Amino acid sequence: MVNPSSSGPRPTGAIRRLVTVAVSFACIALGTACSPSPDKTGTGNGAKVRRIAVIPKGTTHEFWKSIHAGALAAGRELGVEVLWQGPIKEDDRNAQIDVVESFLAKKVDGIVIAPLDDKALARPLREASEAGIPVVIIDSDVAWDGRKSFIATDNYKGGALCADALATKLGGKGKVAMLRYIEGSASTEKRERGFLEGMANNHPDIKIVSSNQRGGATTASAVSASETLLGRFGDLQGVFCPNESVTFGMLRALQDSGKAGSIVLVGFDASPKLVEGLAKREIEALAIQDPVKMGELGVRRIVDVLEGRDVPARIDTGVTLVTADSMKEPANARLLDPDLSILDK
Amino acid sequence: MHVITLRAQGIAKHFGVVRALDGVDFDVHGGEVHALLGENGAGKSTLLSVLAGVHAPTAGSIEFDGEPYAPRNPLDAVRAGIVTIHQELCSSPDLTVEQNIVLGREPRVRRRGLRALVDRARVRELAEQALERIGASVAPTARVADLGPSERQLVEIARALAFDVRVLVLDEPTSSLTAVEVERLFAVLESLRADGRAIVYVSHFLEEVMLIADRFTVLRDGRTVGSGKVAGAEIGGIVELMAGRRLDEVYPPKRERARSDGSSIVFDVREVVGKSLPREARFSLGRGEILGVFGLVGAGRTELLRALIGLDPARRRIISVSSDRDVLLGGGPREALAHGIGFASEDRKDEGLALDLTIAQNITLSGLERHARFGFVRSSSVREASERCADAFDVRRASTEQAVGRLSGGNQQKVALARLLHEEANVWLLDEPTRGIDVASKSEIYRRIHSLANDGASFVVVSSYVPELLGICDRIAVMHRGVLAQSRAACDWTEHELIEVAARGVDRRAVQDRASEVDQ
Amino acid sequence: MTSGSILRALRPCIGLAIVLTVFALHPQAEGFLSVFNFKIVANQTVIVGLAAIGATFVIVSGGIDLSVGSIIALSSVVCALVLRAEYGVTLAMVSAIIAGCVCGLVNGLMITMLRIAPFVATLGMLGIARGAAKWISGEQKVDVPPAALESGGLQAWMSNRPDPEWLWFSPGVWTTILLALIAAYVLRRSVFGIHVTAIGSNEKTARLCGIRIERTKIAIYSIAGACAGLAGFMLCARLTVGNPTAALGKELDVIAAVVIGGASLAGGQGGVLGSMLGALMMAFLASGCKMTGSATYVQEILIGTIIVVAVSVDVLQRRRA
């Protein structure tokens with residue numbers, strides 16, 4: 001029989017080891033993570049640097065990297081510190097609220113955010129505003145009128161633009177489909193609505209055979225949804241996709257089925273792969289936003305607010321429709337391949 | 001002829017402050033069977049672990065075949081030719097016999113580029129060779145899960161032979177075997193001995209040891225306390241050496257009691273038929289009576305008890321628990337418990353006890369409601385009851401809050417039995433109640449069973465160990481191929497006769513007579 | 001209590017202390033140790049914490065529940081739909097709990113009646129509940145109508161500034177604490193709780209001892225479902241939206257919290273309070289990582305590492321004991 005008390009001292013040793021291991025782990029991990037530490041500019045003689053939180057919907061999409069670059073550039077120019085933090089799970093509203101709340105606890109000077117949900121983010125943003133932290137919204141709107149400014153693409157207009165481009169290419173008649181993004185994303189829903197209403201109002205001979213399927217949050221889910229759609233409607237002549245991941249998923253599915261180029265694809269947003277598809281004329285046209293400008297204006301307007309200047313309630317950063325023929329023009333080239341070098345510094 | 005020798009000197013193994021081994025000298029030569037004896041906790045298992053490369057000794061040295069032997073892991077030991085076959089056979093049940101035999105050293109296809117594949121023809125050949133050498137009639141393609149314990153053991157021995165074993169270590173090899181299977185095992189061991197291989201034989205069954213072993217070594221409290229030739233030694237002397245004190249007889253004195261008359265029958269099994277086993281069984285148990293059930297492995301003894309308690313579904317089950325009314329037990333153990341029928345499993349580690357739970361929890365698990373008020377358990381009440389039951393079985397413990405897994409085998413078994421006491425069972429169904437436990441614990445359990453029987457409790461004891469049945473039971477019945485024959489008074493049986501009946505199955509007529517009486 | 005079990009209970013405390021210390025000392029995490037941040041983190045723990053109460057019972061019984069995330073989503077949608085139909089917050093909460101409980105009940109029935117392994121049965125429910133959530137919501141998030149959000153309404157349950165002020169924590173946090181204390185007592189002291197532990201420790205023994213295993217398991221999974229349902233209500237209160245795609249993968253956070261809290265996936269070990277500390281530790285870690293501006297992947301790697309370290313320390317302790 002073993003006396004239980006005899007086992008006392010040994011596990012204590014194990015605990016001590018655990019402490020050592022865990023502490024070192026944590027230090028190492030945090031140390032490496034912080035080495036490319038948030039951008040600090042103008043930390044001259046101890047003047048308090050303003051800290052602006054910029055909160056995207058996610059961190060891995062090309063689009064958000066462009067916004068990051070724009071925000072950093074503006075921050076550097078204006079001498080404010082830009083804190084960039086996305087939700088740990090993309091398209092998780094709860095996780096984005098967590099991020100807002102920790103910036104609240106950290107007492108940043110201003111928040112620039114692309115809300116994942118127009119309703120869910122209202123409460124935490126209102127709490128921020130009540131705590132004296134001004135909020136500027138970028139990309140998608142929120143159902144709360146306390147925001148200082150809303151800086152975004154006019155997505156409805158962008159969708160209508162895409163409808164025109166697709167209809168023109170098809171000569172005003174034919175069967176087209178629209179593959180939606182996820183449920184509850186305000187910006188893509190506006191594009192979708194703009195596209196559908198644009199078609200209905202201006203191109204009555206175009207038949208929309210499917211508009212209720214969704215590509216989902218990831219590229220992988222977009223590819224399989226696209227495959228299903230293409231398989232179901234064999235006589236499809238054109239497709240519209242309302243964001244980068246769905247457009248890419250559709251492009252991949254078209255390439256795999258050998259229909260790339262023969263089915264007219266009009267997409268939204270840019271990434272290297274999509275630009276490549278555009279150059280090969282596998283994509284007819286891409287509606288390009290200006291995320292760099294969005295990030296930049298977000299930081300600029302929040303600084304304006306902090307310094308007591310008036311800011312417009314609504315700023316449209318514009319949509320440009322780029323085709324294979326127009327993609328080489330310098331203004332379009334900058335939109336298609338934004339300069340992200342600032343992120344590597 | 002070169003005779004190999006394994007010699008361990010001054011072996012010590014400390015786990016923290018616990019001295020599991022503290023100066024063991026032990027040697028075994030090729031061509032002999034050396035019995036390693038000792039009560040549970042004497043250090044046998046630790047010594048085997050050291051030999052098998054599981055633990056490195058704290059002090060001392062081992063020499064094997066003239067060379068220092070210090071295995072760093074179990075594979076080292078197997079490579080050196082020292083193979084241990086454990087009490088809990090550790091073959092992979094989902095693999096076939098031949099796959100088990102070559103496991104870990106599968107012959108590969110010799111063709112280039114195909115070396116990742118197993119050479120199945122060669123596997124068959126190796127397996128058949130090994131099985132043939134021990135005369136085992138087991139199909140190489142049979143799944144090990146479908147084999148009985150004795151066949152599994154033969155597969156393990158065949159596996160050792162395929163590894164070219166030089167020292168074969170057997171830990172309690174006969175504890176789940178019937179007498180016939182033990183004889184077959186002994187024949188295999190004889191041939192291995194004649195082959196010049198060394199055999200280390202660990203067993204509680206001293207009678208067997210006297211039969212098979214050439215020499216013996218006795219351990220007590222981690223030390224070698226005696227060794228010698230088996231020829232000329234006496235069991236009594238060895239038992240005393242193991243216990244370190246004079247033991248009275250292992251079995252309690254014979255009980256003076258008459259064959260129960262009909263009026264005091266407390267448990268009358270009119271009929272019980274399981275899904276496959278048992279096929280036919282009827283018996284009655286008087287107040288304070290102890291009925292022994294003997295039979296080969298696979299005869300259906302365990303299944304009989306499990307069907308009675310409702311652990312396995314039964315096709316038909318008519319039992320009367322008191323003389324006045326029939327009870328059709330349809331439910332599970334819960335219903336049986338409510339009628340005062342208790343059951344102790346043969347497999348205390350896997351079924352009988354929850355090893356992570358405390359002694360108190362294990363004892364009171366089947367009757368927690370009794371200690372509860374509004375669904376919440378009163379710990380003082382649990383403690384009191386478990387202390388009382390543990391004391392009754394003399395469970396050696398630091399406290400009843402100790403995890404059962406840390407107790408010795410004998411004390412674990414006592415906890416399993418103490419649960420039935422807590423259940424206030426008046427019919428105790430005990431399946432192999434003393435399997436793999438030390439002599440002293442056995443003796444205590446026997447005495448406790450007798451005193452409970454004297455107080456009016458009735459017992460059905462299933463055992464593979466004939467002397468035990470003869471030693472403690474009032475009556476003994478033999479089970480053969482699912483049919484329980486009529487019982488006879490224990491004093492009317494001899495050991496030889498029991499084994500005969502178990503293997504051949506007689507007394508069949510007597511059963512049929514009674515059957516026609518009951519059927520209407 | 002033996003010294004071993006005290007150590008087991010201490011482990012998540014030590015882990016939490018380490019996380020707090022590291023971030024308190026970190027130069028970039030100002031505001032981390034503030035009272036306000038503690039309130040925020042407590043609020044952020046509620047959803048995982050509530051689900052972990054039920055999951056503790058499941059894991060201690062030797063089972064697993066993979067459907068937690070989907071059940072949270074489903075019941076958040078149910079809650080929003082009930083509110084949209086103007087039935088009031090109390091009924092919305094009850095409906096969310098019932099929705100979760102029904103899912104758990106189905107889990108339990110599949111496991112006991114159909115004899116499907118818990119992993120597979122709850123994997124099935126993971127899909128079923130998620131699909132059902134999308135179905136009843138019409139594949140749209142369901143906005144809670146403004147009437148239900150007025151003062152004292154739905155939002156009050158998870159507000160960082162509770163009303164009245166002296167509550168200090170949101171009612172959601174208090175609910176979690178209260179439920180955790182009750183559940184801890186039930187698991188340790190009630191006949192049901194000890195039967196749960198016995199089933200997880202050795203199901204065969206439990207059967208032999210006449211414990212009603214089927215009934216107990218059905219109860220366990222129903223409780224787990226009800227807890228997830230309540231978590232779904234809290235999520236709806238926090239988001240003011242019933243979202244069918246919410247809490248994706250949350251079941252793994254919940255299992256991680258329970259395991260960090262000292263439970264063994266083999267069953268028989270673990271406690272509710274440990275699980276709560278595990279959940280709190282993960283929430284503080286997430287909060288700290290955000291405050292120090294670490295990339296999200298750092299947080300993911302750290303949580304993964306902590307799970308492995310916590311479990312390996314447990315294995316080490318057991319081997320030595």
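Tutor: A definition to begin with: two residues count as in contact if their C-beta atoms, placed from the backbone, lie within 7 Å. Bear in mind that this is a predicted model.

Student: OK. How many residues does the contact take from chain B and from chain C?

Tutor: Chain B gives 24 residues and chain C gives 19 residues.

Student: Which elements of chain B each supply at least two residues of the side that touches chain C?

Tutor: They are α10 (333-338), α11 (348-352) and β18 (376-377) of chain B. By class, the side of chain B that touches chain C has 12 nonpolar, six polar and six charged residues.

Student: Now domains. What does the assignment give for chain B?

Tutor: Domain 1 of chain B covers 1-81 + 201-247, and domain 2 of chain B covers 265-518. Their centres, taken over C-alpha atoms, are separated by 34 Å.

Student: And how many residues of each are in contact?

Tutor: Nine residues of domain 1 of chain B contact 10 residues of domain 2 of chain B. On the domain 1 side, helix α8 (residues 235-243) of chain B gives the most, with three residues. That side divides into four nonpolar, three polar and two charged residues.

Student: Switching to chain A, what are the domains there?

Tutor: Domain 1 of chain A is 51-152 + 291-318, and domain 2 of chain A is 155-288. The C-alpha centres of these two domains lie 29 Å apart.

Student: What does the contact between them take from each?

Tutor: It takes 10 residues from domain 1 of chain A and nine residues from domain 2 of chain A. The domain 1 side has one nonpolar, two polar and seven charged residues.

Methods: Residues are numbered from 1 along each chain as its sequence is written. Chains are lettered from A and ligands numbered from 1 in the order in which they are written. This is a predicted model: local features need pLDDT of at least 70, side-chain atom pairs count only at pLDDT 80 or more; totals for chains, interfaces and linings use all residues. Helices (H or I, at least four residues) and strands (E, at least two) are DSSP runs, numbered from the N terminus. Ala, Val, Leu, Ile, Met, Phe, Trp, Tyr, Cys and Pro count as nonpolar, Asp, Glu, Lys and Arg as charged, and the others, Gly among them, as polar. Domain bounds come from an automatic or database domain assignment.
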